[in-house]
Amino acid sequence: MRFLTHSASRPLLAAVMLLMTSAAARAIQIPDSLFRYSAEVSASFSTGAHTPFWLVNNRFGLSSIEKNSGYVRAGLFHDAERRKDKRFSWGAGVDLAAAWNFNSPFIVQQLYADLRYRCLELSVGSKERSGGFENPRLSSGNLLFSTNARPIPQARLAIPDYEPLKFTNSWVSVKGYVAYGMFTDDKWQRDWARPGSKRTEDVLFHAKGGHLKFGDTARFPLTFEAGMEMGAQFGGKSYVGNKVIDMPSKLKDWIKVFIPSSGDSDTPTGEQTNIYGNHTGDWNFRLSWLPRDADWGASLYYDHFFEDHSMMFFDYEWHDMLLGLEVKLPSNPAVATVVYEYLYSKDQGSPVYWDHTELIPEQVSGRDDYYNHGIYTGWQHWGMGIGNPLLISPVYNKDNVLSFRHNRIKGHHLGLEGRPLSWLSYRLLLSYTRSWGSYNTPTPDVAHNFNTLLETTFSPSRLKGWSATLSLASDGGAMLGPSFGTMLSIRKTGWL
């Protein structure tokens, strides 16, 4: 049997997605049910070099660093039911935006179809998701999969919610997923990247993960969760000047990224001596105290990122981390939830890298260079980092080079939210980071970054489904430069 080359793999994946979606629609009879809709208009106005950090980041890529930008957005959704007594259910969504001063004037933000059978779910298309255990509204973001970049179209088979294992008397639960997809920023890279600098085309995506939960809050308030997720870039072409690296994507290469393995003779030498493709991942742990029927609780979580096998397990000490504490306070009119996070990414396995040779057989696997890669344009999509945005995304690079320049950082992040009045809620984000640049391009001096956001949402009871959000944000420090801006968003939601 002759396997398809990478040039045919993208149409093949698209055809597989279409067939799976059609099969899902035929597998169940669609009942009469409610659809939810949303429509939104948003505009930001800024002074300084760019739109302030927290008006841009952790918005699933639907944002722009360009000053005075905005969008009009509309979506229609049907959510798959997650009742245990319902064997089949389905979901679908379409979410489109027209924008100005963005990297694209028309954006397909979400377009997906879901099919659920008992605890299993098949999801095909672009859908907003995040990883880890972090609070998506208050956290700085998971180190592997945050809410920072545009959704990556994919076919994803998952147990999305914790499923109790009966032989443990439901004291242990499991969830997990496996996904394959494709990146969609080829044209943007051609237009944005500096001529002669690295860019890629036809790159494919793979991700997988699994988590265990120990405990049952219905019987005891203490639970512990642990798991690992991995992401990969493979296939496609890499361009640097006149040099082209053509990465194969035959069926066996899809297996090689599922079980990380060395590349064949049709891959560059580095891929043969190490692992085929760009692999990233993280370990996630969370300890929670959530009393039953109480309006308060607390969680302590730990996120450890790795770029290769040396930091995947315990070849080296785990110095780098995202360590967070989330506290849900008893009902009060001021503060409902508090999140504090400490981020450290300076170590990266040490500043030394030596790939073993016959002459010097020792292996020193340092200088991991988080989010960057020798062949691919790094862990980014449409210029926005897929992981934690405090490791500044390539879209901020003034020389239009797709690389992460500030991946050795030390930072603190605070998030608060509350509802002082029935019609008024707020969110406050404060982040302070220091950067040493990267091992390859260190900063001459330690660079500082201070980012703030105050967001207030008005939801008048007499205007059902209507809300208006006013945001004020600012940046300070040498990493991004000073800026100040405001954003106004008006939204209407409801049911059909």
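I began with the largest nonpolar core, which holds 58 residues, and I noted that Phe145, Phe234, Tyr371 and Tyr396 touch the most other members. Looking up which elements give two or more residues to this core, I listed β7 (172-182), α2 (186-192), β9 (204-214), α3 (251-258), β14 (297-306), β16 (337-344) and β23 (442-458). Of these, β7 gives the most, with 4 residues.

I then followed Tyr396 and, leaving aside its neighbours within four places in sequence, found it in contact with His50, Phe53, Val56, Asn57, Ile65 and Leu480. I also recorded a second, separate core of 6 residues, which includes Tyr71, Ala97, Ala99 and Phe102.

Since this is a predicted model, I looked up its confidence: the protein chain averages a pLDDT of 90, and 89% of the residues score at least 70. Over residues 1-8, however, the pLDDT is below 50, and this stretch has 13 contacts in the model beyond near neighbours in sequence. For residues 18-32 the pLDDT also stays under 50, and I noted 13 contacts beyond four places in sequence there.

Next I turned to Ser46, which lies in strand β1 (residues 36-48). Is Ser46 buried or exposed? I wrote down that Ser46 is buried because its relative accessible area is 10%, under the 20% cut-off. Beyond four places in sequence, the contacts of Ser46 are Thr51, Pro52, Lys67, Asn68, Phe484 and Gly485.

Last, I looked at Phe88, found in strand β3 (residues 88-100). Phe88 counts as partly exposed because its relative accessible area is 36%, which falls between 20% and 50%. The C-alpha atoms of Phe88 and Glu121 are separated by 9.8 Å, with the two residues 33 apart along the chain.

Technical notes
Residues are numbered from 1 along each chain as its sequence is written. This is a predicted model: local features need pLDDT of at least 70, side-chain atom pairs count only at pLDDT 80 or more; totals for chains, interfaces and linings use all residues. Side-chain values use heavy atoms; hydrogens and water are left out. pLDDT is the predictor's confidence in each residue, from 0 to 100. Contact means heavy atoms within 4.5 Å. Buried means under 20% relative accessible area, exposed over 50%, partly exposed in between (1.4 Å probe, protein chains only). A nonpolar core is a set of buried Ala, Val, Leu, Ile, Met, Phe, Trp, Tyr and Cys residues joined through side-chain atoms within 4.5 Å.
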